[in-house]
Amino acid sequence: MSLTRYQRNLWFTGLNVGMLIILGAVIGRNLFQIWDYGNQQQRRYQRLNQELSQARQDYQQANLRFQRVFDSGQTTSLLKERYGLVDPHDLKVKWKTPELEP
């Protein structure tokens with residue numbers, strides 16, 4: 001079966017158009033997936049930012065409460081009472097008794 005030049009050109013043109021349609025569909029699907037992924041990441045980022053700002057507010061409130069309750073002038077007495085230290089830079093020394101050989 002021999003095709004005329006016109007029929008061959010028409011057939012190849014149709015094939016090219018079909019391939020371009022398929023290629024365009026694949027590209028469009030991939031672009032949609034990339035766009036959807038970007039939107040998901042933006043939503044996650046916004047949620048993370050909200051949680052971070054809430055955590056910062058909670059930290060600031062707790063820090064303010066602590067500063068109101070804690071008197072920095074009491075540091076030495078607290079250290080002395082709790083650990084037996086007078087200065088925050090003091091170190092505890094633990095003495096070991098030497099073991100005597102029998």
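Helices (H or I, at least four residues) and strands (E, at least two) are DSSP runs, numbered from the N terminus. In this predicted model, local features need pLDDT of at least 70 and side-chain atom pairs pLDDT 80 or more, while totals for chains, interfaces and linings use all residues. Residues are numbered from 1 along each chain as its sequence is written, and side-chain values use heavy atoms, without hydrogens and water.

The protein has 2 helices and 0 strands. Of its 102 residues, 2% are buried. Buried means under 20% relative accessible area, exposed over 50%, and partly exposed in between (1.4 Å probe, protein chains only). The protein exposes about 10,500 Å² (Shrake-Rupley method, 1.4 Å probe). Carbon and sulfur atoms supply 59% of that area.

Now to the aromatic rings. The whole structure holds 1 aromatic pair. Its rings belong to phenylalanine 32 and tryptophan 35; the centres lie 5.9 Å apart and the planes meet at 35°, so the pair is tilted. Rings of Phe, Tyr and Trp (its six-membered ring) pair if their centres lie within 6.5 Å; planes under 30 degrees apart are stacked, over 60 edge-to-face, and the rest tilted. Phenylalanine 32 and tryptophan 35 are 3 residues apart in helix 1 (residues 5–69), so about one helical turn separates them. Phenylalanine 32 is exposed, at 51% relative accessibility. Tryptophan 35 is exposed too, at 53%.

Leucine 23 also lies in helix 1. It counts as partly exposed because its relative accessibility is 48%.
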